[in-house]
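I opened my notebook to look up how the parts of this chain meet. I also wanted to check its charged pairs.

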Amino acid sequence: MHTPSTGKFAKCSLAALAAALYFGVGSFASAEMLVPEKDELKLGFIKLTDMAPLAIAYEKGFFEEEGLFVTLEPQANWKVLLDRVITGELDGAHMLAGQPLAATIGFGTKAHIVTPFSMDLNGNGITVSNEVWAMMKENIPLGDNGKPVHPIKADALKPVVDAFKAEGKPFNLGMVFPVSTHNYELRYWLAAGGIHPGFYSPENVTGQIRADALLSVTPPPQMPSTLEAGTIVGYSVGEPWNQAAVFKGIGVPVVTDYEIWKNNPEKVFGLTKEFTEKYPNTTVALTKALIRAAKWLDENNNANRAEAVEILSRSEYVGADAAVIANSMTGTFEYERGDKRDVPDFNVFFRHNATYPFYSDAIWYLTQMRRWGQIAEHKDDAWYAETAKSVYLPDIYMKAAGMLVEEGKAETGDFPFGTDGYRAPTSDFIDGVTFDAKAPNAYIDALKIGLKNGQTISGSDVVGG
């Protein structure tokens with residue numbers, strides 16, 4: 001069994017000692033004592049830019065330095081990935097933020113999945129076909145430079161959806177999974193523009209009850225080809241698959257998730273609760289390596305991003321052209337061909353406390369599950385807080401962070417020591433509605449379209465409330 005080297009670590013700073021006192025004596029056990037119970041691991045991912053922390057932790061030797069020998073394995077789709085974590089074929093994986101929450105509450109697959117690490121902020125976009133874009137443009141104001149004014153709201157899409165409906169044509173859109181960030185972001189954007197994206201019910205899990213736009217699952221790498229074939233007229237996906245549509249000339253990204261919800265949480269690193277309890281040192285070591293990778297990705301104003309693009313373009317990782325990945329990974333985003341704009345925070349891996357698993361992030365996803373009927377019955381505010389705390393594990397994160405500070409590999413100011421796990425209320429949404437995670441039901445009720453307090457779906461009707 002391989003054990004980590006017992007190198008000489010930097011002396012604790014006073015700030016690190018203060019942090020140790022905050023979390024309790026012994027919280028920051030010396031890295032020399034952190035011997036992983038299981039040091040050979042297989043981790044899964046989907047071929048998306050935001051799997052970057054895994055690739056970087058591997059390529060830069062951060063896993064090995066934490067005493068771990070890791071194999072990274074791409075998975076066919078999100079369902080297969082989740083199932084393989086549950087069965088133990090994978091020790092952990094790059095996951096949609098909604099997956100651990102949905103599995104734990106029993107929507108779809110039932111299993112207690114947890115996360116000690118949030119992988120990134122932002123990184124998604126919504127793309128439409130050239131035909132739909134041509135129709136939308138008639139409803140979008142132009143700036144002094146002759147280019148569309150951003151952010152583009154779904155108000156500009158509503159007349160297009162209405163035109164399809166008048167002609168008896170379905171308006172089909174792709175998203176990557178029923179509990180994906182992409183599904184909730186697409187639904188949020190559509191609903192903010194008066195387009196109903198449909199409800200779920202226990203009897204009907206299509207998510208298309210009363211829908212104006214019909215959303216269905218398409219695996220991320222297949223999005224461009226499915227759009228080109230005409231099966232869908234748009235999609236919501238992570239990079240590089242929006243930029244791929246631009247390069248192929250088959251579609252136009254109209255809005256990013258940064259514009260839908262500024263600095264929204266994206267993917268997480270998921271494990272079974274059983275794994276974290278059986279292998280606590282291994283879990284902390286994994287978290288340490290991933291924090292180091294995320295920090296490397298963002299440090300010195302993204303100075304390492306060009307190298308990261310080269311690594312991600314390799315076939316064993318994302319396998320897309322480096323130029324396509326670089327279009328968003330290096331601080332820009334191209335909408336219509338030639339309309340490239342600076343979006344420095346399109347991909348964030350460490351800034352803005354991106355890696356800390358905030359309870360408030362979990363609660364936002366739970367509100368959207370309730371809003372669209374995936375959580376069929378009303379839940380009180382306490383349920384949202386309790387569910388978030390059963391899935392998001394900031395104590396493990398803070399133990400890893402404290403050790404990195406102790407070792408001189410990070411600074412105390414890099415981490416939100418002293419937080420209660422909730423971000424401040426924010427109205428940085430495309431519709432301006434304020435989200436306060438400590439009042440989830442009031443937030444749900446403030447949203448124009450969606451289930452409200454006490455309402456359920458019966459057949460195709462909203463009842464109660």
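**Entry 1: a charged pair.** I started with Asp-339, which is buried, with a relative accessible area of 5%. I note that this is a predicted model. The side chain of Asp-339 meets that of Arg-341 in a salt bridge, 2.9 Å from N to O. Arg-341 counts as partly exposed, at 22% relative accessibility.

**Entry 2: Thr-332.** I looked up Thr-332 next and found it in strand E12. Is Thr-332 buried or exposed? Thr-332 is buried, because its relative accessible area of 15% falls under the 20% cut-off. Its side chain reaches the backbone oxygen of Asn-327 at 2.7 Å. I listed the residues that Thr-332 touches beyond four places in sequence; among them are Arg-341, Asp-342 and Val-343.

**Entry 3: the two domains.** I checked the domain assignment. Domain 1 covers 40-121 + 265-446, and domain 2 covers 125-263. The contact takes 50 residues from domain 1 and 54 residues from domain 2. I then looked up the C-alpha centres of domain 1 and domain 2, which lie 24 Å apart. How much area do domain 1 and domain 2 bury between them? They bury about 4,600 Å², with 67% of it on carbon and sulfur atoms. Tyr-335, Trp-372 and Ile-430 supply 20% of the area that domain 1 buries against domain 2, more than any other three residues.

**Entry 4: polar links across the interface.** I counted 17 residue pairs in polar contact between domain 1 and domain 2. On the domain 1 side, the elements that give two or more residues include helix H4 (78-87) and strand E12 (332-334). By class, that side has 26 nonpolar, 11 polar and 13 charged residues. The rule finds one salt bridge across the interface. I also noted a salt bridge between the side chains of Glu-336 and Lys-137, at 3.2 Å from N to O.

**Entry 5: salt bridges overall.** I searched the whole structure and got 26 salt bridges. Glu-307 pairs with Lys-60, with the closest N and O atoms 2.5 Å apart. Glu-307 lies in helix H14 and Lys-60 in the loop between helix H2 and helix H3, so the pair ties together parts that are 247 residues apart in sequence. Glu-307 is partly exposed, at 35%. Lys-60 is partly exposed too, at 29%.

**Entry 6: a buried pair.** Arg-292 forms a salt bridge with Glu-66, at 3.2 Å between the closest N and O atoms. The two are 226 residues apart. Arg-292 counts as buried at 12% relative accessibility, and Glu-66 counts as buried at 4%.

Key
Residues numbered from 1 in each chain as written. Predicted model: local features only at pLDDT ≥ 70, side-chain atom pairs only at ≥ 80, totals over all residues. Heavy atoms only, no water. Domains from an automatic or database assignment. Contact = heavy atoms within 4.5 Å. Buried area = accessible area lost by both parts, 1.4 Å probe. Salt bridge = Lys/Arg side-chain N within 4 Å of Asp/Glu carboxyl O. Polar contact = N/O pair within 3.5 Å; in protein donor to acceptor, adjacent residues only side chain to side chain. Helix = DSSP H or I, 4+ residues; strand = E, 2+ residues; numbered from the N terminus. Nonpolar A, V, L, I, M, F, W, Y, C, P; charged D, E, K, R; others polar. Buried < 20%, exposed > 50% of the residue type's maximum accessible area, 1.4 Å probe, protein only.
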